Amino acid sequence: MSRAKIGHNNGPTMEAGFAFRKHAWTKARAALLPTLPIEILRTRVKRAQALGLPYQTYASVRASTGRDVVGFLFSNNALRMLRDTQPSPRAYALVQIEATCTALVHRPLSPEALRDSLASHGLLIATARAPHFAQGWSDIRAAVQAPLRAAQLPLDGVLVIGDTTHERDWSMAARLAGFLPSDRYFGAEHTGR
């Protein structure tokens, strides 16, 4: 094989045999994926429904972390709460979730107001102040991990439900299971409600 020259993007080679190598790689990759017994698959589908997640999302999070989703970290944006006196139009959905829920609250909303509003729906959710977008990565990590550690949740078992790219960064900074846009979680694709 010749050495790549300046300007080469290290993409796949187009030499003879490329199609066969791609086929062989795809077949080898498929052979590595486990075939689950039907009982385990049914249990996981039920668990995804109990979490309010589409099965494909649940399965991809579980495959990437090796752990079950045990909690959610919502932003007040995801809950559609932008003022202290505003009730959450999405609180009804949280009542049905079989996982620990926590929430981070952006200014000017207070964490206590969000917690009290959700408590009026019968939800006991730990709330904390959301990190500011201008904070450093380690400060964001500490702010996001604090309520999760207080709830004794494994970090890689918590999925962030949010709306903004800053909220997506929470997942990476705190080493959480992943991020799901709130419209996808609460929207039409949501099969658990």
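A residue counts as buried when its relative accessible area is under 20%. This cut-off is used in the legends below, which describe a predicted model.

**Figure 1. S110 sits in a loop between a strand and a helix.** The loop runs between β2 (100-105) and α5 (111-119). Is S110 buried or exposed? Its relative accessible area is 19%, so S110 is buried. Which residues does S110 touch, leaving aside its neighbours within four places in sequence? They are D84, V105 and R129.

**Figure 2. The rings of F72 and F74 form a tilted pair.** The structure holds 5 aromatic pairs. In this one, the ring centres of F72 and F74 are 5.9 Å apart. Their planes meet at 40°, so the pair counts as tilted. Stacked planes would be under 30 degrees apart, and edge-to-face planes over 60. Both F72 and F74 are buried.

**Figure 3. F74 also pairs with F186.** Here the ring centres lie 6.0 Å apart. The planes of F74 and F186 are at 40°, so this pair is tilted. The pair links distant parts of the chain. F74 belongs to strand β1 (residues 71-75), while F186 belongs to helix α8 (residues 182-186).

**Figure 4. Ring pairs build a cluster of F72, F74, Y185 and F186.** This view brings the rings together. Ring pairs link F72, F74, Y185 and F186.

**Figure 5. Helices α6 and α7 pack against each other.** Helix α6 covers residues 137-150, and helix α7 covers residues 165-173. Their axes are 9 Å apart, at an angle of about 85°. Angles of 65 to 115 degrees count as roughly perpendicular. The two helices α6 and α7 are therefore roughly perpendicular to each other. Which residues make the contact? From α6 come W137, I140, R141 and V144. From α7 come H166, D169, W170, M172 and A173. The residues of this contact divide into 6 nonpolar, 1 polar and 2 charged.

**Figure 6. The chain as a whole has 8 helices and 5 strands.** From the N terminus on, the elements run α-α-α-β-α-β-α-β-α-β-α-β-α. The chain has 193 residues, and 40% of them count as buried. Among contacts with a separation of 6 or more, 62% join residues 24 or more positions apart. The accessible surface comes to about 11,500 Å². Carbon and sulfur atoms account for 56% of that surface.

Definitions and conventions
Residues are numbered from 1 along each chain as its sequence is written. This is a predicted model: local features need pLDDT of at least 70, side-chain atom pairs count only at pLDDT 80 or more; totals for chains, interfaces and linings use all residues. Side-chain values use heavy atoms; hydrogens and water are left out. Rings of Phe, Tyr and Trp (its six-membered ring) pair if their centres lie within 6.5 Å; planes under 30 degrees apart count as stacked, over 60 as edge-to-face and the rest as tilted. Buried means under 20% relative accessible area, exposed over 50%, partly exposed in between (1.4 Å probe, protein chains only). Helices (H or I, at least four residues) and strands (E, at least two) are DSSP runs, numbered from the N terminus. Contact means heavy atoms within 4.5 Å. Accessible areas come from the Shrake-Rupley method with a 1.4 Å probe; for residues, only the protein chains shown count as cover. Axes are lines fitted to C-alpha atoms, for helices over the stretch in contact, and angles run from 0 to 180 degrees between N-to-C directions. Angles under 35 degrees count as roughly parallel, over 145 as roughly antiparallel, 65 to 115 as roughly perpendicular and the rest as oblique. Ala, Val, Leu, Ile, Met, Phe, Trp, Tyr, Cys and Pro count as nonpolar, Asp, Glu, Lys and Arg as charged, and the others, Gly among them, as polar.
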